[in-house]
Amino acid sequence: MKKEYILAVSAVVLWGTLSPVSKLLFNNALPEMELLFLSSVIAAAVLALVTLFSGNIKYFKEYGFKDTAVMAAFGFLGIFLYTALYNFGIANLSSQEVCIINYLWSVTTVIFCCIILNEKFTLRKFAAAAVSFSGIVVIVSRGDLSSLNLSNLRGVFACFGAALCYGLFSALNKKKAYNQYCAMTVYYIVSAIAAGIILMVSKEFVPVDSLITGLGIAWIGIFTSALAYLFWCMALVGGNTAKIANIAYFTPFLTIVFAKIILGEEISLFAVL
């Protein structure tokens, strides 16, 4: 198996735990922005250490102010804004629904790569996108559009917005092809700063006095953020966008399993469909 596919599969397995663990933390009264801030700080620290000890820190010398500013913009779009919208979705929907809707980003990645990178938009890609969007209709409506309420719709739109953000981020990240160790470190530093500012203004910070909460934050910061995103970006830069993006569709299935184990959520027939 090629290195790119090993990296992509590793990222997908880790991402399968993200939604259930985040939902568990929110159920324990941890504010959404606080989770984003703390996990971003941890991820930035881990990535900085990995960048240093892997020898990739030398590539920072190649980037001037303009490149650093571009990385900062990418971090705001693809890490901070994406995760903020994703967390809002988790707070308003089940972890199964959030993960499935959010995974439109793999479709939007392909679409944005066709627009930005001039990759060919084939009939096969169009058919795959159509099937994906129809799946969202199934999970959102549960067969009855009249059952939707305001809370559900806010969560749905937040997840869809997150998918757009990450799809655009992935395409732009591939176009620039920065050293991913350096870039991801900058991305999470920016995310931590942005989340920290909002947290200071909102004053919603609560003490982390639970072992489960502390371990959950550490897991998200180290594994589902730092390592998983690094693996994914490295895979996307080095491999075929459409083929790599398709691997991401294993994540919702893994999320359903982890949601059952971690949260005790019933496996929805509509989620399976």
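Biologist: What volume does the largest pocket have?
Modeller: Keep in mind that this is a predicted model. The largest pocket comes to about 420 Å³. Its lining has 19 residues, and those closest to the centre are Ile 100, Ser 132, Gly 135, Tyr 249 and Leu 273.

Biologist: Which helices each supply at least two residues of that lining?
Modeller: They are H7 (123-141), H12 (250-262) and H13 (269-272). H7 gives the largest share, with 8 residues.

Biologist: How do the lining residues divide into nonpolar, polar and charged?
Modeller: There are 16 nonpolar and 3 polar residues, and no charged ones. Tyr counts as nonpolar and Gly as polar in this scheme.

Biologist: Why is Ser 95 called buried?
Modeller: Buried means under 20% relative accessible area. Ser 95 has 0% relative accessibility, so it counts as buried. Ser 95 sits in helix H5, where 8 of the 8 residues are buried.

Biologist: What makes the pairing of Ser 95 and Glu 265 a polar contact?
Modeller: The cut-off is an N or O pair within 3.5 Å, with one atom able to donate a hydrogen and the other to accept it. The side chains of Ser 95 and Glu 265 are joined at 3.0 Å, and that is a polar contact.

Biologist: Which residues does Ser 95 touch, leaving out those up to four places away in sequence?
Modeller: Ser 95 touches Ser 19, Pro 20, Lys 23, Thr 255, Ala 259, Leu 263 and Glu 265.

Methods. Residues are numbered from 1 along each chain as its sequence is written. This is a predicted model: local features need pLDDT of at least 70, side-chain atom pairs count only at pLDDT 80 or more; totals for chains, interfaces and linings use all residues. Side-chain values use heavy atoms; hydrogens and water are left out. Buried means under 20% relative accessible area, exposed over 50%, partly exposed in between (1.4 Å probe, protein chains only). Helices (H or I, at least four residues) and strands (E, at least two) are DSSP runs, numbered from the N terminus. Contact means heavy atoms within 4.5 Å. On a 1 Å grid over the protein atoms alone, a cavity is a set of points where a 1.4 Å probe fits but cannot get out, and a pocket is an open set with protein on both sides within 12 Å along at least five of seven lines; lining residues have an atom within 4 Å of a point. Grid points are joined across faces, edges and corners, and a volume is the space filled by probe spheres set on the points.
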